[in-house]
Amino acid sequence: MPKAEISNQIRKLRFEHGEMTQQALAERVGCSRQTIVLLEQERYVPSLVLAMRIAKVFGAAVEDVFTLGE
Amino acid sequence: MYNLLYYLGDLKDAESHTMSVILWGILAILVGLAGFTLVAWLRRPKLPPLAPGTELPATPLQRLARWGLLLGVLPGIAAIAMVLHYGAQRIYDDDGLRLVFTLFLLAIIVIFLVVTVRLTTWTTRADGTLDERDRVILGRAPVFQSAAMLLTLAAWEVGLIEHFHTAGAVPLFYLYLIFWSCWAASLLALPLGILVGYRRR
């Protein structure tokens, strides 16, 4: 799989939300911490469901968290 | 049907090199396929390396596959060691040895059952024990099982025909070994497929 063409602000948003840990985010969205690590490093493109769950945790719109690369 | 049997009879009586050529041809095709797979794997789009210092924690599925493979390989190695030490014929003829040999292989099945029960429990949960990535990896792992079974059967076919084609018959106990080895290869290929899946994704 090539490098994900979707960039994200997850790491930044975590720190802006009380320095939320990767584990805490993983538990809230129902995925493993490994998936969060890979998402932050843009090595994995999430499903729409997971993307929406992550955005919901941060109270943001999906497009504010994830950006389609040019 | 008669013609086919007649043809097979002819083939059996033909020069001994005929079967060798066919079998080595099959082997060459298998090696070619393996080479093609290797080249495809080497040329796959590569992910950038993880940032330095990044800790990639193992998922529950990954840990289960590691333990399943480790615990499954041990009785498999013990069974192979028995065959190498005593010989297949002696194991087949000796009830005690055959019982121990079968117990080793049953141990692989028991471990696989434990893994399967655990997986089934996890797949019915919605607590994130298995996330979407895990499920994709789990869904692709059975490809390894069918490949492992095919390779095991191919190895038996080539080996047995090469070894026994002049005799024209294969000792009965090889059926026992073929069955169990295919089972074991298939069961062990599942955790292996899962672990490879994590390396690829």
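The second largest pocket has a volume of about 360 Å³. A pocket here is an open set of points on a 1 Å grid over the protein atoms alone, where a 1.4 Å probe fits, with protein on both sides within 12 Å along at least five of seven lines; lining residues have an atom within 4 Å of a point. The volume is the space filled by probe spheres set on the points, which are joined across faces, edges and corners. Of its 17 lining residues, B:Gly76, B:Ala79, B:Ile80, B:Leu105 and B:Ser181 are the closest to the centre. The lining divides into 15 nonpolar residues, two polar and no charged; Gly counts as polar, and Ala, Leu and Ile are among the nonpolar.

This is a predicted model: local features need pLDDT of at least 70, side-chain atom pairs count only at pLDDT 80 or more, and totals for chains, interfaces and linings use all residues. Residues are numbered from 1 along each chain as its sequence is written, chains are lettered from A in the order in which they are written, and side-chain values use heavy atoms, with hydrogens and water left out.

On confidence, chain B averages a pLDDT (the predictor's confidence in each residue, from 0 to 100) of 84. For the complex, the predictor gives an ipTM of 0.81 and a pTM of 0.75.

Last, the cysteines. There are zero disulfides over all chains, a disulfide being a pair of cysteine sulfur atoms within 2.5 Å. A:Cys31 counts as buried because its relative accessibility is 7%, where buried means under 20% relative accessible area with a 1.4 Å probe, protein chains only. B:Cys182 is buried, with a relative accessible area of 7%.

Notes:
Buried < 20%, exposed > 50% of the residue type's maximum accessible area, 1.4 Å probe, protein only.
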